[in-house]
Amino acid sequence: MKKLLALSALLLSLVGCASVPMGDPAMDAKLKQFQVSPDKSAIYIYRNETMGTAVKMDVAIDGQPIGQTVANTYLYKEVTPGKHVITSEAENTSTLEVDAKPGSAVYVWQEVKMGVLFARNKLQEVSPAEGQAGVRETELAVGQ
């Protein structure tokens with residue numbers, strides 16, 4: 001098992017940093033004001049860790065892909081108020097159901113953990129204060 005973990009770490013270090021399409025800096029700044037239209041809801045999914053830097057993670061809301069995260073990025077999606085299912089794919093699949101209220105935002109932390117061959121992930125809803133702090137540490141990634 002130790003050899004397998006060492007091999008995994010070596011492979012990840014050889015791959016280098018992954019990249020995804022990044023959003024416009026002006027849009028990033030606007031979204032970090034955390035203002036949501038009264039008739040809409042917003043979902044922020046952020047990844048503010050450097051573990052698993054070389055691994056892109058696919059994210060979908062209600063089965064529709066919205067983009068990929070890498071270390072220190074976030075995704076944003078405006079949605080209709082109500083229940084939504086967020087799914088994130090890495091070595092594992094993590095699923096989280098959220099209830100988006102009108103005029104407010106939901107903040108989801110994409111925690112990254114060491115897997116057997118690649119990074120694993122776990123989606124967790126966090127408080128607005130924690131979520132906004134996490135989003136401020138990251139940069140906007142956009143769907144392809």
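Trainee: Where is His84 found in this predicted model?

Mentor: His84 is found in strand β5, residues 82-89.

Trainee: Why does His84 count as buried?

Mentor: The relative accessibility of His84 is 7%. Buried means under 20%, so at 7% His84 counts as buried.

Trainee: What does the side chain of His84 reach at 2.6 Å?

Mentor: The backbone oxygen of Thr80. Leaving aside neighbours within four places in sequence, His84 is also in contact with residues including Ile43, Ile61, Asp62 and Leu96.

Trainee: Why is Glu91 called partly exposed?

Mentor: Glu91 has a relative accessible area of 28%. Buried requires under 20% and exposed over 50%; 28% lies in between, therefore Glu91 is partly exposed. Glu91 sits in the loop between β5 and β6 (93-100).

Trainee: What makes the pair Glu91 and Arg120 a polar contact?

Mentor: Their side chains make the contact at 3.5 Å, and the cut-off is within 3.5 Å for a pair of N or O atoms. Glu91 also lies 7.7 Å from Asn121, C-alpha to C-alpha, with the two 30 residues apart in sequence.

Trainee: What is the strand order of the open sheet of five strands?

Mentor: The order is β8-β7-β1-β4-β9, with mixed pairing.

Trainee: Why do β8 (119-126) and β9 (139-140) stand at the edges?

Mentor: Each has a single partner strand, so one side of each is left without a neighbour in the sheet.

Trainee: How do you know that β4 and β9 pair?

Mentor: Two bridges join β4 (residues 73-79) to β9. Pairing needs at least two bridges, so these strands pair, and they run parallel. Tyr74 stands opposite Leu140 in β9.

Technical notes. Residues numbered from 1 in each chain as written. Predicted model: local features only at pLDDT ≥ 70, side-chain atom pairs only at ≥ 80, totals over all residues. Heavy atoms only, no water. Helix = DSSP H or I, 4+ residues; strand = E, 2+ residues; numbered from the N terminus. Buried < 20%, exposed > 50% of the residue type's maximum accessible area, 1.4 Å probe, protein only. Polar contact = N/O pair within 3.5 Å; in protein donor to acceptor, adjacent residues only side chain to side chain. Contact = heavy atoms within 4.5 Å.
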